[in-house]
Amino acid sequence: MPRRWVAALACLAALVALACEGGTSATPRPTKSTPQPGGPGSIAALGDSISTGFASCLVLTSCERNSWSTGDGLRVRSLYRRLLDQDSAIRDRAYNHARPGARADALEGQAKAAVRDRADYVTVLIGANDVCRGGVDAMTPVAQFRADVDRGLRVVRTGRPKARVLVVSIPDLYRLWEVGHGDSRAVRAWRRGVCPALLAEATSTAPADRARRAAVRERIDAYNAQLVAACRAYGSRCRHDGGAVHKVRFTLDLLNPLDWFHPDAEGQGRLAEVTWRASGLAD
């Protein structure tokens with residue numbers, strides 16, 4: 001037998017033996033890091049200071065690593081980190097365009113930024129600043145709030161028609177007053193101008209102050225109803241959280257001890273937990 005045939009047969013025998021031992025395979029075995037089909041390749045957050053993790057690092061500024069939506073810190077299992085556990089392809093593709101103080105009229109500009117990022121999944125949490133203004137008369141009218149939300153969502157639908165959108169309900173801010181107005185630390189912080197439409201004169205039982213708080217509560221309910229309707233009008237690629245965030249029973253230990261208004265890291269984690277369950281991403 002020619003020497004070159006002997007060498008070829010030897011190589012073939014080696015390959016067969018290696019395959020039998022599991023050293024090679026025509027189809028790689030899936031691993032934990034194998035991307036799951038259909039998962040978003042990027043995520044973007046639109047909204048206000050809640051989505052920036054404001055004050056969750058014990059400084060009165062944004063702390064995006066603790067964002068319930070796009071945070072990459074270890075203290076909060078954000079939507080981004082949960083998606084990363086499912087599919088490594090999303091790594092480093094989390095974009096936070098939320099801004100402290102933003103009202104619904106800022107969504108359009110934020111949405112344009114998300115489109116430029118080619119976001120596949122977009123979260124929207126907006127409305128607290130449309131309420132938390134100088135007084136009841138200064139709150140954004142309900143019709144204007146809806147128009148602003150629609151305009152922002154339209155940018156996403158036009159620019160990223162295949163992207164999925166999660167519209168999140170506004171937290172129950174009235175609940176914060178309920179649990180905090182008897183705490184001297186919270187009341188003292190609120191006197192610095194935190195959400196004055198709701199929290200000014202927090203300990204007062206005067207009829208005018210009670211009526212003002214009731215008006216804020218009603219306006220949040222009206223905004224939340226419009227968020228449901230706006231998501232429905234968007235179409236099948238928009239999902240509302242079903243009121244999950246609004247139903248969170250915040251306590252003082254889920255708030256930061258600087259303004260007693262924004263969620264701390266644990267509070268951000270709670271938001272991530274309920275929005276993840278409501279998002280359908282875990283299905």
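1. A charge sits over a ring if NZ of Lys or CZ of Arg is within 6 Å of the ring centre and within 35 degrees of the ring normal. On that basis Arg157 lies over the face of Tyr234, at 5.5 Å from the ring centre. The model is a predicted one, and the values below should be read with that in mind.

2. How many aromatic pairs does the structure hold? There are 2. The stacked one is formed by Phe145 and Tyr223, with 4.1 Å centre to centre and 15° between the planes. This pair links distant parts of the chain, since Phe145 belongs to helix H5 (residues 142-159) and Tyr223 to helix H9 (residues 207-234), 78 residues apart. Both Phe145 and Tyr223 are buried.

3. The tilted pair consists of Tyr174 and Trp177, at 5.4 Å centre to centre and with 45° between the planes. Tyr174 and Trp177 both lie in helix H6 (residues 173-180) and are 3 residues apart, about one turn of the helix. Tyr174 is buried, as is Trp177.

4. Turning to the cysteines, the structure holds 3 disulfides. Counting bonded cysteines along the chain, the pattern is 1-2, 3-4, 5-6. A disulfide is a covalent bond between the sulfur atoms of two cysteines.

5. One of the disulfides joins Cys57 to Cys63, with an S to S distance of 1.7 Å. Is Cys57 buried or partly exposed? Cys57 has a relative accessible area of 23%, so this residue counts as partly exposed. Cys63 has a relative accessible area of 5% and is therefore buried. The cut-off behind both assignments is that buried means under 20% relative accessible area.

6. Another disulfide joins Cys132 to Cys195, with an S to S distance of 2.0 Å. The link of Cys132 and Cys195 is left-handed, with -75° about the S-S bond. Cys132 lies in the loop between helix H4 (128-131) and H5, and Cys195 in the loop between helix H7 (184-190) and helix H8 (196-199), so the pair ties together parts that are 63 residues apart in sequence. Cys132 is buried, at a relative accessible area of 16%. Cys195 is likewise buried, at 6% relative accessibility.

7. Cys231 and Cys238 are also joined by a disulfide, with an S to S distance of 2.1 Å. Why is the disulfide of Cys231 and Cys238 called left-handed? The torsion about its S-S bond is about -120°, so the disulfide is left-handed. Cys231 counts as buried at 4% relative accessibility, and Cys238 is buried with a relative accessible area of 10%.

8. The largest pocket has a volume of about 270 Å³. Which residues lie nearest the centre of the largest pocket? They are Val194, Cys195, Asp259, Phe261 and His262, out of a lining of 20 residues. By class, that lining has 12 nonpolar, 5 polar and 3 charged residues. Cys195, listed here beside the pocket centre residues, is the cysteine joined to Cys132.

9. The structure also holds 1 cavity of 30 Å³ or more. About 80 Å³ of space lies in the largest cavity. Its lining consists of Ile50, Pro171, Asp172, Leu173, Leu176, Phe250, Leu255, Phe261, His262, Pro263 and Leu271. These residues divide into 9 nonpolar, 1 polar and 1 charged. Phe261 and His262 are among the cavity-lining residues and are also among those nearest the centre of the largest pocket.

10. A last point concerns Lys112, which lies in helix H3 (residues 107-116). With a relative accessible area of 42%, Lys112 is partly exposed. How far apart are the C-alpha atoms of Lys112 and Val156? They are separated by 7.3 Å, while the two residues are 44 residues apart along the chain.

Definitions and conventions:
Residues numbered from 1 in each chain as written. Predicted model: local features only at pLDDT ≥ 70, side-chain atom pairs only at ≥ 80, totals over all residues. Heavy atoms only, no water. Phe/Tyr/Trp six-rings, centres within 6.5 Å; stacked < 30°, edge-to-face > 60°. Helix = DSSP H or I, 4+ residues; strand = E, 2+ residues; numbered from the N terminus. Buried < 20%, exposed > 50% of the residue type's maximum accessible area, 1.4 Å probe, protein only. Disulfide = S-S within 2.5 Å. 1 Å grid on protein atoms, 1.4 Å probe; cavity = no way out; pocket = protein on both sides within 12 Å on 5 of 7 lines; lining within 4 Å. Points joined across faces, edges and corners; volume = space filled by probe spheres on them. Nonpolar A, V, L, I, M, F, W, Y, C, P; charged D, E, K, R; others polar.
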